[in-house]
Amino acid sequence: MWVLGWAVLLLASAGQSAFDYKDALSKSILFYEAQRSGRLPTDQRAAWRSDSALLDGKSQGVDLVGGYYDAGDNVKFGLPMAFTITMMSWSAIEFHKQLQSSGQLGYTLDAIKWGADYLVKAHPQPNVLWGEVGDGFTDHFCWQRPEDMTTPRKAYKIDASNPGSDLAGETAAALAAASIVFRRHNAAYANNLLAHSKQASLFQFADTHRGKYDASISVAQKFYNSKSGYADELLWAALWLHQATHDDFYLSYAANNAGTLGGLGWDMKEFSWDVKYAGVQVLASKVLLQGRGGQHASVLRSYQSKANFFLCACLQKNGGGGNVQRTPGGLLYVRSWNNMQYVTGAAFLLTVYSDYLASSGQQLQCPGQRVGSGELLRMAQSQVDYILGDNPRATSYMVGFGANFPQEVHHRASSIVSYKVNPSFVSCRGGYATWYKRRDRDPNILTGAVVGGPDQNDNFADERDNFEQTEPAIYTNGPLMGVLARLHGGYYNSRDDSGSDLNTNPVEALPLPPTSAASHDSVELTHETVASWLFKGQTYYKYAVNATNASKHTLSSLNLRIDNLQGPLWGLTKTDATTYTFPEWLHSLSPHGSLVFVYIQPAAAAKVQVLSSSWVEERAS
C-alpha cells in the first residue's frame, strides 16, 4: 500500500492528475447513506444499515423520523445537520454540471432531500423548530448500533419563549439553498422549502425572537455549543434567501446589519458549522463580483475585504499572525478535534472564490500582492490531495478510498457487526465490552467518511478510542463534495487569470535534490525528494525511500541503518536508535516486491544503508 500511495505522489509531482476525484466524489456522497436515520429506502446502497429510530418524536406528538446522525453516535443535532444541508446544496448550486457529468447528481439530490425533508418535519408550525432528538450524555454512555438503541429519544425544541436564532437561521439558510437546487428539478418541492425558510417563517422567527439555541436546548451545550452566537447565522440566512428569491429585502438586511451583526468586524481564520462569517463574506462577495451589488456595493466591498483576509490567511499571505497554521506536511490546521472539517470548509471557499474571480476577470488582493485565481484552486487541491493520501504518512483519511485508510473508525454502526449479518441484540454497555475495545478493523466499511485527521505534526493514531482523530462527521463531507466535483470536472484544462497553464503540483516550487540509488545483496534502495515547502520560514523536505527485493526469492528479513535523521519517519519499525526493520503490517517481500517509507526534515537527506537481509529459497514443486 505504501508503493501505491507514493506512486500516486510521484504522478502529482510530475503534473498529472494524482487521484481519482470521481471515485472520491462518489464515496463522499455514499457516506450519507450510512448516516441515515429512519426507514431506509429500497435503493439504499449502504446495505449493511437497517431501519432505526422509527418512533422519534411520537411521544411528543410530532413526526421526527428521518434525518442524519451527526457523526459516530446516534443523536440528531439540528444545527450541524442544517449546516450540512446548506453546504451540500451550495456544492450542487456551484457544480451542478460537474455532478451531472460524473453521474453523481441524482445521489446528491437524494442526500440533500433526505436532510431537507427532516428539517421541514422539524418545523411543524410558525415559531417552533425541533432542534435535537436524543442527547449526547445518555447516547455516549452506550455503544450500540442505531438499530439496537435503548437510549432515550426525547426531542428538544426552540420556540418564541425559548429562542434559538442560530438554529432557526441556519435551518432557514439550508432550506433556501436547497430550494435553489431543486428549482430546476421539482418546482413544487422547492416552493415548499422556500415557504418554510423565508421572511414570514423561519427567518422571521430567528430575527424576531433572538437568542442562542443552546441556552434553550441546554443538552446541546457540551456537544454543539454555539460559541459564535447567532449573528453570523442571521446574515448567512439573509444572503441565502437573497440567492433564492432575488428579493432586495434580504440583501438590504445583510448590508444594513453588516456592522451590528459582526459581518465586517471579524478577521476570520476558520469556517465551520458554528462560525459562518467567512462563508457570509464569500457569499456577499459573489453578489458584488457578479455585478449585482447595486446600492449596496460599498458595503459588499467591505465584506469582500474580510473574505480576502480569510483566503489570504489560507494561502499564507497575510503578515504577522494573520495566517492559518499549517502542519509540516502542508495541511491547514485549526484545532485538534476533527480538524478536517476546517480543511474541507476552507478548501470549498477557496474553490468557489477562485471561480468567482476567474469569471469576473479579477484577482485576490492580499497584503502587498495580487494573487491569481489559479493559486486559490491549487491550494484547495493540495488540501484535498492531502486528505486522499498525499501526506507524510501516505494515508487516505477518507475511509474506503485508496489502499491505506483508517480501519478503526470511532463510529458505532460501522464498528459493530451489521444487524443484517447478526441481529442478536447488542446492549448498551455490552457494545463497549465486545466491540468498542476490540483492536481489529471495523466489520462494516464506512465508505466515504472523512475522519478527524492528524495532529499539528501530521501524526495520526488509527484507534477507535481516539475520537478526536478517527471520528467522522456529516458536516466534513458537505463542502468536500463540491471541491471534488470541481476537480473532477475540468480543473486540468483550466488556465489561471495570467493565461498560463495551471501546474497541478500542490507544493511550492522549491529546488529538489537529485534522486540517489544504491544496492546491497539484491536489495535496491532508491532515495527521492518528492516535495518541499516553506513552514514558518524554514524549508522542509519530504523524502521517499523505495526498497526493492531485486532477487528471485522472498526477502524474509531486512535491517536498515538510518543516520542523520532529524524528523518523523513513517513506514518502518524502529528497533534501536538508528536501526529499522519491516513495518508491523509487513513480514516479507516477494521477489521484485517493494516497500516505501517516508520521512520529513528541514535538512539534506538522511543516510540509508542495508545492515543485513535474508531470503527464503522456494523449493521447486
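Two strands pair if DSSP finds at least two bridges between them. Helices (H or I, at least four residues) and strands (E, at least two) are DSSP runs, numbered from the N terminus. The model is predicted: local features need pLDDT of at least 70, side-chain atom pairs count only at pLDDT 80 or more, and totals for chains, interfaces and linings use all residues. Residues are numbered from 1 along each chain as its sequence is written, and side-chain values use heavy atoms, with hydrogens and water left out.

**View 1. Strand E15 and its partners.** Strand E10 (residues 538-549) pairs antiparallel with E15 over 8 bridges. Here Tyr 543 faces Tyr 599 of E15. Strand E12 (residues 569-570) also pairs antiparallel with E15, over 2 bridges. Trp 570 stands opposite Val 598 in E15.

**View 2. An open sheet of 4 strands.** The order is E13-E14-E11-E16, with antiparallel pairing. Strands E13 (573-574) and E16 (607-616) form the edges, each pairing on one side only. Between E11 (residues 554-563) and E16 there are 9 bridges. Arg 561 has Gln 609 of E16 as its bridge partner.

View 3. His 410 sits in the loop between helix H16 (373-388) and helix H17 (412-415). His 410 counts as buried because its relative accessibility is 8%. The backbone oxygen of Arg 464 lies 2.7 Å from a polar atom of the His 410 side chain.

Conventions:
Buried means under 20% relative accessible area, exposed over 50%, partly exposed in between (1.4 Å probe, protein chains only). A polar contact is a pair of N or O atoms within 3.5 Å; within protein, one must be able to donate a hydrogen and the other to accept it, and residues adjacent in sequence count only if both atoms are side-chain atoms.
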